[in-house]
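Subject: Structure handover

Hello,

Here is the structure I promised to pass on. Please open it first, then read my notes below.

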Amino acid sequence: MPWLKLRLRADKERAQEFADALENLGALAVSLEDAGDEPQFDVGRGDTAAWKDTWISGLFPIDSSPQTLFDQLAHDCALATLPPHDVELVPDQDWARVWMEQFKPLRFGQRLWVCPSWLTPPDPDAVTILLDPGLAFGSGTHATTALCLEWLERQALAAKSIIDYGCGSGILAIAALKLGARTAWGIDTDPQALAVSRDNATRNGIGAELTLLAPEQLPAGLQADIVLANILAGPLIELAGRLTAAVTPGGWLVLSGLLAEQVLEVSEYYVKNFDFTEEIRGDWALLSGVRRAPTG
Ligand SMILES: C[S@@+](CC[C@H](N)C(=O)[O-])C[C@H]1O[C@@H](n2cnc3c(N)ncnc32)[C@H](O)[C@@H]1O
């Protein structure tokens, strides 16, 4: 199936904002490339674009309306007029090739690497996840995934159980298992994400220790030592009761996918059970906190 590639040009200050806006509009993939003639920088781990002048591209289903998407983006980014922009029809395979060339091994913390499954891991002594996200979210290049991976990398995970709520490519659950966790559940509303997660688990020698389920299949009363949810602010609010109940008292809840400006709004729904610590990267936030034991 061909795709629509919407592109806009931006300076260094606004590139990440436009990338985030394309993603919020439902882009299946977002990429940044040099619009000038500067040497290639590593734009990994959710860093803001390093070029003075950047093309930001978003990939949308073929039946999307480019005009509606550009109008909405102008509204979301408070633009009176759009910067230079264009639309291209991209054959499926070409997009996959362009994307694969841009996806490079990335390191998180001291010992965790995410390596495209078609490349050789850079450090044989490190903990490496071999990953092919396909069209599921979660390659490590987005700030929210990077924040979650760095959080996991700092924990002692031996014997811990994990729920990765909104697992996308399975990247967080697989990282946790490779870092020593005992067992993990990956939950997603998107059947394609569950299939991609299984493929990625197999690639990493992970079998029955990872259970992949749709939300309605999650066993009643299931609790884990660590629950991670990298979804958007809306679902984090809607799911507050469910996510809280899924954390063992004394266990950790890690929320990401919310914007820095949404931290207060989202925290309110969790304040009864958690004192959150926040980490901010660019526009994005991660909240982590230990579930208090029930009182009385
Ligand atoms: C931002 S991606 C995160 C993927 C991956 N965990 C990561 O950190 O990169 C969010 C994922 O949550 C899933 N999702 C969205 N709403 C959901 C819900 N209410 N319940 C479960 N999964 C949901 C989406 O399908 C998507 O795969």
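I will start with a charged pair. Aspartate 275 and arginine 292 form a salt bridge, with their closest N and O atoms 3.0 Å apart. The two partners lie 17 residues apart and link distant parts of the chain. Aspartate 275 is in the loop between helix H9 (263-267) and strand E13 (277-281). Arginine 292 is in the segment after strand E14 (284-290). Aspartate 275 has 58% relative accessibility, so it counts as exposed. Arginine 292 is partly exposed, at 33%.

Keep in mind that this is a predicted model.

Salt bridges

The count comes to seven salt bridges. Two others involve strand E1.

One of them joins aspartate 86 to arginine 7, at 3.0 Å from N to O. It also ties distant parts of the chain together: aspartate 86 belongs to strand E4 (residues 85-90), arginine 7 to strand E1 (residues 3-11), and 79 residues separate them. Buried or partly exposed: which is aspartate 86? Its relative accessible area is 29%, so aspartate 86 is partly exposed. Arginine 7 comes out at 18%, and the cut-off for buried is under 20%. Arginine 7 therefore counts as buried.

Arginine 7 has another contact to look at. Its charged end sits over the ring of tryptophan 55, 3.7 Å from the ring centre.

The other bridge pairs aspartate 53 with arginine 9. Here the closest N and O atoms are 2.6 Å apart. Aspartate 53 is in strand E3 (residues 53-61) and arginine 9 is in strand E1, 44 residues apart, so this pair too links distant parts of the chain. Both ends are partly exposed: aspartate 53 has a relative accessible area of 25%, and arginine 9 has 27%.

Aromatic residues

How many aromatic pairs does a search of the whole structure find? The search finds four. Take phenylalanine 274 and phenylalanine 276. Their ring centres are 5.6 Å apart and their planes are at 5°, so the pair is stacked. The cut-off for stacking is under 30 degrees. Phenylalanine 274 is buried, with a relative accessible area of 2%. Phenylalanine 276 is partly exposed, at 21%. Together with Tyr270, Phe274 and Phe276 form one aromatic cluster.

Helix H4

Helix H4 covers residues 143-153. Eleven of its eleven residues are buried, so the helix is largely enclosed by the rest of the structure.

Asparagine 204

Where is asparagine 204 found? Look in the loop between helix H6 (191-203) and strand E10 (210-213). Asparagine 204 is buried, with a relative accessible area of 10%. Leaving out residues up to four places away in sequence, asparagine 204 touches Thr128, Ile129, Leu130, Ile174 and Lys178.

Where to look in the viewer

- Arginine 7, for its salt bridge with aspartate 86 and its place over the ring of tryptophan 55.
- Phenylalanine 274 and phenylalanine 276, for the stacked rings.
- Helix H4, for its eleven buried residues.
- Asparagine 204, for its contacts, including Ile174 and Lys178.

Best wishes

Terms used. Residues are numbered from 1 along each chain as its sequence is written. This is a predicted model: local features need pLDDT of at least 70, side-chain atom pairs count only at pLDDT 80 or more; totals for chains, interfaces and linings use all residues. Side-chain values use heavy atoms; hydrogens and water are left out. Rings of Phe, Tyr and Trp (its six-membered ring) pair if their centres lie within 6.5 Å; planes under 30 degrees apart count as stacked, over 60 as edge-to-face and the rest as tilted. Buried means under 20% relative accessible area, exposed over 50%, partly exposed in between (1.4 Å probe, protein chains only). A charge sits over a ring if NZ of Lys or CZ of Arg is within 6 Å of the ring centre and within 35 degrees of the ring normal. A salt bridge is a side-chain nitrogen of Lys or Arg within 4 Å of a carboxyl oxygen of Asp or Glu. Helices (H or I, at least four residues) and strands (E, at least two) are DSSP runs, numbered from the N terminus. Contact means heavy atoms within 4.5 Å.
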